[in-house]
Amino acid sequence: MASPQPRSHVLDIPAYVPGKPPAQRDDLVTYKLSSNENPYPPLPGVVEAAQAAVGAMNRYPDMGNTALYAGLARRLGVPVEHVAAGTGSVALIYQVLTAFCDPGDEVVYAWRSFEAYPIAVTSAGAVSVQVPLLPDGHHDLDAMAAAITDRTKVVMVCTPNNPTGPSVTQTELDAFLGKVPSHVLVVVDEAYLEFVRMPDAVDGIATYRGHENVCLFRTFSKAYGLAGFRVGYAVAPAPIAGALRAVSLPFGVNAVAQVAAIASLDAEAALLERVDDLVAERDRVGAALREVGWQVPEAQGNFFWFALGERTAEFAAACDDAGIVVRPFAGEGCRVTVGETEANDRLVQVAARFV
């Protein structure tokens, strides 16, 4: 007897591999450096605002994200109708592909890049066009432009690139956008934008204002430290943002998450101070890694990339032994989050043995 079968492409969806949590040990404190989480607790006032919102959990959240959209519009200086929210920026990837891709359409992105891209593309029945990164972990934007065909509907630019770390410059992005047909949607995925410290850094808001086919993805999960609440948002011209809202899950961003995100926006001074501290720690660790002989790619996010090839599993196991859990990509390398000082020092010690 025949049984129900999913659509054929569903069976081809690759599995998302989350960062593994550390095992508890009696001999030392263990640290999770596998998920690009912020090691700081929530910003001042956020826990209190969230706790107050919990008391109304018997009510549905505001499906229109009214207060959140208003807060984001004020902070960014954009119209409210140019903002769309989702359950983390990863949900926005699904929304944009649902809204803009028919089965068989092509989505161009660098590889290796964010692990969710091929999962979401396959889920939409679209076709991934993966363009290899340059040897230093940067996007090869010229090759990405050359990969665009008459079947291309969306291009993803992850900057800083997860998991390798480098960012594209504004000059590079402008030149790339000049080569992209106006009907192709370009998503600039800026999940780590708060950590960027480089000349000619991308100005996402100015870029979207200058192009009718540019959409920005941003998140409260990284710098803002709300990874557990899942709040991401897009900034795009009204027709694009409206399409993302149209295909979003009703009541997707829960009430407590909305309140926590708004409170986080109000704590900008503390946010900037924490981000500066994390960037300083990133720079310290990067210098220490170079001192012991590593040439890691330029880190503009809150993580480092170790191109280890066949030694990837060995390196990850050595980190486990040292009480730090990292994110291995089999046969390619490991991504390691900038975490607590003690955890970072252990990372340098392990890395020194793997030069």
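Let me begin with Arg230, which has a relative accessibility of 31% and therefore counts as partly exposed. The model on the screen is a predicted one. Arg230 sits in the loop between strand 7 and strand 8, and its phi is near 60°, a positive value in a residue that is not glycine. As a reminder, most residues other than glycine have a negative phi, and most peptide bonds are trans.

Phe251 also has a positive phi, of about 60°, without being a glycine. This residue belongs to the loop between helix 8, residues 238-246, and helix 9, residues 255-265. With a relative accessible area of 35%, Phe251 is partly exposed.

I turn next to the peptide bonds. Trp111 and Arg112 are joined by a cis peptide bond, with omega about 10°. Arg112 is placed in the loop between strand 3, residues 106-111, and helix 4, residues 116-123. A cis bond also runs from Thr159 to Pro160, where omega is near -5°. Pro160 lies in the loop that connects strand 5, residues 152-158, with helix 6, residues 170-177.

Let us now return to the loop between strand 7 and strand 8, which also holds Phe220. What does Phe220 touch, apart from its neighbours within four places in sequence? Its contacts are Leu68, Leu72, Gly225, Leu226, Ala227, Val231, Tyr233, Ala261, Ser264 and Leu265.

That brings me to the aromatic rings. A pair of rings is described by the distance of the centres and the angle of the planes. Across the whole structure, a search finds eleven aromatic pairs. One of them is formed by Phe220 and Tyr233; this pair is tilted, with 5.7 Å centre to centre and 50° between the planes.

Trp294 and Phe306 make an edge-to-face pair, at 5.1 Å centre to centre and 85° between the planes. Here, too, distant parts of the chain are linked: Trp294 is in the loop between helix 10 and strand 9, Phe306 is in strand 9, residues 303-307, and the two are twelve residues apart. Trp294 counts as buried because its relative accessibility is 10%, and Phe306 counts as buried at 0%.

Ring pairs also join Tyr109, Trp111, Phe114 and Tyr117 into a cluster. In a separate arrangement, Arg327 places its charged end over the ring of Phe329, 4.2 Å from the ring centre.

Two packed helices are described by the angle between their axes and the distance between the axes. For helix 3, residues 89-100, and helix 4, the axes come within 9 Å and cross at roughly 35°. The crossing is right-handed. Helix 3 contributes Val90, Ile93, Tyr94 and Leu97 to the contact, while helix 4 contributes Ala116, Tyr117, Ile119, Ala120, Val121 and Ser123.

I close with the interior. In soluble globular proteins, nonpolar side chains tend to be buried together. The largest nonpolar core in this model has 110 residues, and those touching the most other members are Leu97, Phe176, Phe217, Phe220, Phe306 and Phe315. Which helix gives the most to this core? It is helix 10, residues 268-291, with eight residues.

How values were computed:
Residues are numbered from 1 along each chain as its sequence is written. This is a predicted model: local features need pLDDT of at least 70, side-chain atom pairs count only at pLDDT 80 or more; totals for chains, interfaces and linings use all residues. Side-chain values use heavy atoms; hydrogens and water are left out. A nonpolar core is a set of buried Ala, Val, Leu, Ile, Met, Phe, Trp, Tyr and Cys residues joined through side-chain atoms within 4.5 Å. Buried means under 20% relative accessible area, exposed over 50%, partly exposed in between (1.4 Å probe, protein chains only). Helices (H or I, at least four residues) and strands (E, at least two) are DSSP runs, numbered from the N terminus. Contact means heavy atoms within 4.5 Å. Rings of Phe, Tyr and Trp (its six-membered ring) pair if their centres lie within 6.5 Å; planes under 30 degrees apart count as stacked, over 60 as edge-to-face and the rest as tilted. A charge sits over a ring if NZ of Lys or CZ of Arg is within 6 Å of the ring centre and within 35 degrees of the ring normal. Axes are lines fitted to C-alpha atoms, for helices over the stretch in contact, and angles run from 0 to 180 degrees between N-to-C directions. A crossing is left-handed if the near helix is turned anticlockwise from the far one by less than a right angle, and right-handed if clockwise.
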